[in-house]
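Good morning, and thank you for making the time.

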Amino acid sequence: MLKVDSISVYYNNFKALDNVSFEFKKGENISIIGANGSGKTTFLKCLCNILDFKGNVYLDNKNIKNIKRKDLAKKIGILSQIIPINFDFSVFDTVMMGRFIHQDRFFVSNTKEDEEIVINALKTVELLNLKDKNISNLSGGQLQRVFLAKIIAQNPDIILLDEPTNHLDFKYQIELITFLKKWSLKENKTIIGVIHDINLAMLLTDNIIIMENGKIKMYDKSENIIKSNILNSIYNIDIKKYMLDTLKKWDNK
Ligand code: ADP
């Protein structure tokens, strides 16, 4: 459904993405991991056409460079890491923004259907009781759930995650990832997620892409990736030893 054909990105003379090709299948969730600067965010930005790139990306056989921004947003949504909020909308209005792309005119009033969709999205993330609160008064975890509700209201086929769990505490990290996994399976959505934490990546998806120096170094099931020990060279530490040493501390009765 999303076919990446030989894409490259240069920032001045620096090649941040180096002739990457890949095919994402419908309903398949994939995590993208790799060291800082390996090109993960640059790759995601190309998938939703918010960055100039060489090569092509096809969504259902259509070149995304020829798809209008609003039409692309009906198909592809993005959940990023929490950013500082310096505007003040209510929770309800923020989630309603997910419906704008489905409305024909700019200053159209919300339909009953839009309102029901927003209410349902807020129920899904268990925030209906905060619907009239201003988003600047929310905790990081609550704010991220508002943006998740916005994506649910937007109802795209593909959700791109750009480190959405950054700045969330443990409980919300695990909750967010567990929710995204369940929801994507139930609604047949495709999730493509840049996730720093390998354990969270494995919680979200069975398959993982590893990036290095602007290229896809490996794509495989997470258990094969762990077995291959490739992560040691990617991150330049003995990850298995670190994980097992940590586990021993937990297991020390
Ligand atoms: P990752 O998400 O894996 O940390 P990025 O895709 O953000 O990596 O960045 C890849 C490389 O491109 C890095 O070396 C980064 O410094 C560089 N880079 C990213 N954005 C810009 C930019 N706007 N201008 C110049 N260099 C950039």
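What you see is a predicted model, in which local features need pLDDT of at least 70 and side-chain atom pairs count only at pLDDT 80 or more, while totals for chains, interfaces and linings use all residues. Residues are numbered from 1 along each chain as its sequence is written, and side-chain values use heavy atoms, with hydrogens and water left out.

With that in hand, please look at the sheet. Strand β3, residues 30-34, and strand β9, residues 207-212, run parallel and are joined by 5 bridges; within this pairing, S31 has I208 in β9 as its bridge partner. These two strands belong to an open sheet of 6 strands, whose order is β6-β7-β8-β3-β9-β10 and whose pairing is mixed. At the edges stand β6 (76-80) and β10 (215-221), each of which pairs on one side only. From one strand to the next, the twist averages 20°, where axes are lines fitted to C-alpha atoms, for helices over the stretch in contact, and angles run from 0 to 180 degrees between N-to-C directions.

Let us turn to the ligand. Which residues are around the ligand? They are Y11, F14, A16, A35, N36, G37, S38, G39, K40, T41 and T42, where a residue counts as near a molecule or strand if one of its heavy atoms lies within 4 Å of it. In K40, an N or O atom of the side chain is 2.8 Å from an oxygen atom of the ligand, in T41 a polar side-chain atom lies 2.9 Å from an oxygen atom of the ligand, and in T42 the corresponding distance from a side-chain N or O atom to a ligand oxygen is 2.5 Å. The term behind these distances is the polar contact, a pair of N or O atoms within 3.5 Å; within protein, one must be able to donate a hydrogen and the other to accept it, and residues adjacent in sequence count only if both atoms are side-chain atoms.

Next comes S8, which is found in strand β1. Is S8 buried or exposed? With a relative accessible area of 8%, S8 is buried, a word that here means under 20% relative accessible area, with exposed meaning over 50% and partly exposed in between (1.4 Å probe, protein chains only). The side chain of S8 reaches the backbone nitrogen of N19 at 2.9 Å. Not counting residues up to four places away in sequence, S8 touches K15, L17, D18, N19, F53 and K54, contact being heavy atoms within 4.5 Å.

K15 and D18 form one of them, with their closest N and O atoms 3.0 Å apart; K15 is partly exposed at 33% relative accessibility, whereas D18, at 17%, is buried.

A second pair is R99 and D114, whose closest N and O atoms are 3.0 Å apart. This pair links distant parts of the chain, since R99 sits in helix α3 (residues 91-100) and D114 in helix α4 (residues 112-124), 15 residues apart. Both partners count as buried, R99 at 7% relative accessibility and D114 at 4%.

K241 is partly exposed at 47%, and D245 is partly exposed at 29%. Salt bridges that share partners also join K15, D18 and K215 into one network.

Finally, two loop residues. N12, in the loop between β1 (2-11) and β2 (14-24), has a positive phi of about 50° although it is not a glycine, and N12 is exposed at 76%. E163, in the loop between β7 (158-162) and α6 (170-187), has a positive phi near 50° and is likewise not a glycine, but E163 counts as buried at 12%.

Methods: Helices (H or I, at least four residues) and strands (E, at least two) are DSSP runs, numbered from the N terminus. A salt bridge is a side-chain nitrogen of Lys or Arg within 4 Å of a carboxyl oxygen of Asp or Glu. Two strands pair if DSSP finds at least two bridges between them.
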